[in-house]
Amino acid sequence: MNPNKALWEKGDFTRIADTMRESGEELVRRLGVTPGLKVLDLGCGDGTTAIPAAKLGADVVGVDIARKLVESGNRWAAALGLGNCRFQEGDASDLVGLSDHAFDLVVSMFGAMFAPRPLDVAREMVRVTRPGGRVVMGNWIPGDPTLVAQVLKVSSAYSPPPPEGFVSPMTWGVEGTVVERFTAAGVPKENITFSRATWTFHSPGTPGGFVAAFRDYYGPTMNAFDAAGRAGRAADLEQELVALFESQNRSPNRDVTTIPATYLLVTVAV
Ligand SMILES: C[S@@+](CC[C@H](N)C(=O)[O-])C[C@H]1O[C@@H](n2cnc3c(N)ncnc32)[C@H](O)[C@@H]1O
């Protein structure tokens, strides 16, 4: 199987996504989504941003590589009676079946960054956006001291080296690289803007319990634990992550976890 698909079909990202729903809603409010706006949510998971956009009346298509997240999203939309929101399987590197200029807004929160062939991803996002429309991406930043960049950094230290030619998803968090990818897709440099924003995770349990959710349900961390286990180092990885999550927890109640994480918000005027 395609290793990118296998990674995200492993586990169950919904267990992590459940801790970020408020941030999804807040972002969608900031994007100025209006009734009838045609929105593509790329790497949409089970609907953290697609569902709030549909609740505001947008016409939403969610595309994700993981079949079970697509199924969860469709169940969630149906349960809410949102006939204006549908989820389908697809690969951000090759948006087969989506027409040129079909969307007013293409949004991808920590989704398209995980697809292989980043130049193709940028080209596809631009291709399906109508002239005058926008692409908005949220990307984790390499070397950033906050949660997700650190989880990925710690995990990679316990994982085998990536295959030859692998381009790290974290390169989407480097402004110059993002500019290169979108200008290669035909967008003028001045149409690409950046800001730093915050995504907050709220988990009802302790930081250690939240680490267990990453260990058991988040594909990249599951793979790191598999590799660490083979080297007899799973306990070390767990200890390192618990220390990280505890140090990042901003909740005054130590039995509850609230962790803000910084990301690069990229806006591309097409
Ligand atoms: C960190 S999750 C974020 C999900 C969602 N955007 C959210 O905020 O809840 C990354 C998502 O990207 C999806 N993904 C990874 N590679 C992809 C690809 N090549 N094409 C489409 N989706 C992909 C994964 O299946 C997963 O749902």
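## The loop between β4 and α6

F110 is found in the loop that runs between strand β4 (103–109) and helix α6 (118–127), in a structure that is a predicted model. The phi angle of F110 is near 55 degrees, which is a positive value in a residue other than glycine. F110 counts as buried because it has 20 C-beta neighbours inside 10 Å, and 20 or more is what the term "buried" requires.

R117 lies in the loop between β4 and α6 as well, and its phi, near 60 degrees, is again a positive value in a residue other than glycine. For R117, however, the count of C-beta neighbours inside 10 Å is 15, so R117 is classed as partly exposed.

M109 lies in strand β4. How many C-beta neighbours does M109 have inside 10 Å? There are 26 of them, and M109 therefore counts as buried. If its neighbours within four places in sequence are left aside, M109 is in contact with L27, T48, T49 and G138. M109 and A6 are 103 residues apart in sequence, and their C-alpha atoms are 20 Å apart in space.

H101 is found in the loop between β3 (85–89) and β4. Is H101 buried, exposed or partly exposed? With 15 C-beta neighbours inside 10 Å, H101 counts as partly exposed. Not counting residues up to four places away in sequence, H101 touches T129, R130 and P131. The C-alpha atoms of H101 and M125, which are 24 residues apart along the chain, are separated by 9.5 Å.

## The protein as a whole

The protein has 11 helices and 7 strands, and its C-alpha atoms fill a box of roughly 50 × 45 × 35 Å, taken along the principal axes. A compact globule of 270 residues would have a radius of gyration near 18 Å, and the protein agrees with this because its own value is 18 Å.

Of the 270 residues, 42% count as buried.

## Helix α11

Helix α11 (residues 234–248) has 15 residues, and the distance from its first C-alpha to its last is 21 Å, close to the 21 Å expected at 1.5 Å a residue. Within α11, the residues L237, L241 and F245 are buried. They cover an arc of only 60 degrees around the axis, which means that they are on the same side of α11. On the other side of α11, A235 and S247 are exposed.

Which elements cover the buried residues of α11? The cover includes the helices α7 (147–157), α9 (207–217) and α10 (219–230), together with strand β7 (257–269).

## Helices α10 and α7

At 1.5 Å a residue, the 12 residues of α10 should span 16 Å, and the end C-alpha atoms of α10 are 17 Å apart, which agrees. The buried residues in α10 are G219, T221, A224, F225 and A228, and the elements they pack against are α1, α7, α9 and α11. After α10 comes G232, whose phi is positive, near 70 degrees.

In α7, the buried residues are L147, V148, Q150, V151 and S155. Seen down the axis of α7, these residues fall within an arc of 160 degrees, so they line one face of the helix. What covers them includes the strands β5 (129–140), β6 (192–203) and β7, and also the helices α9, α10 and α11.

## Around the ligand

The ligand is surrounded by 22 residues, of which the closest are W8, G43, G45, T48 and A115. The elements that give two or more residues to this shell are α1 (3–9) and β2 (59–64). How is the shell made up by class? It has 13 nonpolar, 7 polar and 2 charged residues.

How values were computed. Residues are numbered from 1 along each chain as its sequence is written. This is a predicted model: local features need pLDDT of at least 70, side-chain atom pairs count only at pLDDT 80 or more; totals for chains, interfaces and linings use all residues. Helices (H or I, at least four residues) and strands (E, at least two) are DSSP runs, numbered from the N terminus. The expected span of a helix is 1.5 Å times one less than its number of residues. A residue is buried if 20 or more other C-beta atoms lie within 10 Å of its own, exposed if 12 or fewer, and partly exposed in between; C-beta atoms are placed from the backbone. The arc is that of the directions from the helix axis to the C-beta atoms. Two residues are in contact if their C-beta atoms, placed from the backbone, lie within 7 Å. The radius of gyration is taken over C-alpha atoms; the globule rule is 2.2 Å times the number of residues to the power 0.38. A residue is near a molecule or strand if its C-beta atom, placed from the backbone, lies within 6 Å of it. Ala, Val, Leu, Ile, Met, Phe, Trp, Tyr, Cys and Pro count as nonpolar, Asp, Glu, Lys and Arg as charged, and the others, Gly among them, as polar.
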